[in-house]
Amino acid sequence: MKVVVAHNRYASGAPSGENVIVDAEIAQLSTAGVSVLPFLRSSDEIGTFSTARKVLLPLSPIRNGESQHALEKLIKAEKPDVLHLHNAYPLLSPWVVRTAHAHNVPVVHTVHNYRQVCAPGLYFRDGHICTECRGKAFGLPAIKHACYRDSKAQSAVMAATLAVHRGTWRGVDRFVALTDRIAEHLRDFGIPDERITVKPNGIPDTGAAPGAGEGFVYAARLSPEKGLELLLDAWRQHPDGALGPLRIIGDGPLRPLAEAAAADRSDISYLGVIPNAEVRAQIGAAACVIAASTWHDVLPTIVLEALCAGRPVLVTDRGGLPFLAGDAGWVVEPTPDALAAGLAKAHGEAPGLAVTARRRYEEHFAPDVLIQRLIDVYRSVLR
């Protein structure tokens, strides 16, 4: 089986694990015997563009002619069985779906966000969940609020792109929804159940951590939607030291909050940005991992890393987090009181859920399980 994997890589340094996930999936497919034809563009390329190409760049999300010509050439030369699309913006554009279909190649699309409807793909703005563009043929609210890159002009282009490609997305042969929340989003967009498969991302097995660990780890981009402020408000409801240590990992606009909290309390440490191996070590040293998102978070990799290490998770009830946690943790509303109660409960019960957490990873998020499911998706669209 030959599969073209199409993905617009995020720029270097961008806060996204999606590049890592796609790279890992390509490697896993190859190991499983699939002939993978990577069709990758990178947003880093934009800096090398000539002035003339940069002038045309705003139109790339609608149709990038260069990418379509290159894809057409690849399809004609290699005659793939399936095209598997991940991120299309800005240098691929959803037009790759039309290009593939023009050559009778079915398309599978892994949906990593809500960008069939929402210009920034988050359903989140100004510190709260926003679905104003849902159900609208044209996303005027996105322009009004400058939702895409804080620019009304760029938001207008993205709103036009979503309007133009509404039919393109609905023509995709099979959607891979990372969680049940993404599947719900797709159904609301008009995609029938038979064209949606719920299959999360997986991560390589780095093994269970020894012992039970102590305290909590929070690792995320330090931005409002990831819930750092919520977590600190909940943590302060407990006396210093009552819950064991809290280790905060990451960087972003809310870094001063993390630094101030670490200076104020002896049970909070701010570790900043650290290598992946050290993140895993911190997860293993903790008893529980926290994901306190206040937006409909899709699939934060930190939760999978926790389960892989045999560490239960305390998560909010937003997006795909309850789906990921399953029976290996606690789900709370994103309020300080609810999270404070969850922290107390997790502090007392986390060691007893270590085996459950590890089992959940092995049964639902291990690469060998998920790659076989993805190959089954390819076979189903070919049938």
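Guide: Buried means under 20% relative accessible area, exposed means over 50%, and partly exposed lies in between (1.4 Å probe, protein chains only). The model is predicted: local features need pLDDT of at least 70, side-chain atom pairs count only at pLDDT 80 or more, and totals for chains, interfaces and linings use all residues. Residues are numbered from 1 along each chain as its sequence is written, and side-chain values use heavy atoms, with hydrogens and water left out.

Visitor: Is Arg41 buried or exposed?
Guide: The relative accessibility of Arg41 is 10%. The cut-off for buried is under 20%. Arg41 therefore counts as buried.

Visitor: Which residue forms a salt bridge with Arg41?
Guide: A salt bridge needs a side-chain nitrogen of Lys or Arg within 4 Å of a carboxyl oxygen of Asp or Glu. Here the closest N and O atoms are 3.9 Å apart. The pair links distant parts of the chain, 25 residues apart, from strand β2 to helix α3 (residues 65-78). The partner of Arg41 is Glu66.

Visitor: How is Glu66 classed for accessibility?
Guide: Glu66 has 43% relative accessibility. That value puts Glu66 in the class partly exposed.

Visitor: How many salt bridges does a search of the whole structure find?
Guide: Among them is the one between Arg318 and Asp317, with closest N and O atoms 2.9 Å apart. Arg125, Asp126 and Glu132 are linked in a network of salt bridges. The search of the whole structure finds 18.

Visitor: What separates Arg379 and Asp376 in helix α16?
Guide: These residues form a salt bridge, with closest N and O atoms 3.8 Å apart. Helices (H or I, at least four residues) and strands (E, at least two) are DSSP runs, numbered from the N terminus. Arg379 and Asp376 are three residues apart in helix α16 (residues 367-382), so the separation is about one helical turn.

Visitor: Which residue in β7 stands opposite Val108?
Guide: Strands β4 (residues 107-111) and β7 (residues 174-177) run parallel, joined by four bridges. Opposite Val108 stands Arg174.

Visitor: What type of aromatic pair do Tyr114 and Tyr123 form?
Guide: Rings of Phe, Tyr and Trp (its six-membered ring) pair if their centres lie within 6.5 Å; planes under 30 degrees apart count as stacked, over 60 as edge-to-face and the rest as tilted. Tyr114 and Tyr123 are 4.7 Å apart, centre to centre, with 25° between the planes. The pair is stacked.

Visitor: What type of aromatic pair do Phe216 and Trp235 form?
Guide: Their centres are 5.7 Å apart, with 85° between the planes. Phe216 is in strand β9 (residues 216-219), and Trp235 is in helix α9 (residues 228-235). The pair is edge-to-face.

Visitor: Over the ring of which residue does the charged end of Arg98 sit?
Guide: A charge sits over a ring if NZ of Lys or CZ of Arg is within 6 Å of the ring centre and within 35 degrees of the ring normal. The charged end of Arg98 is 4.3 Å from the ring centre. The ring belongs to Trp95.

Note on methods: Two strands pair if DSSP finds at least two bridges between them.
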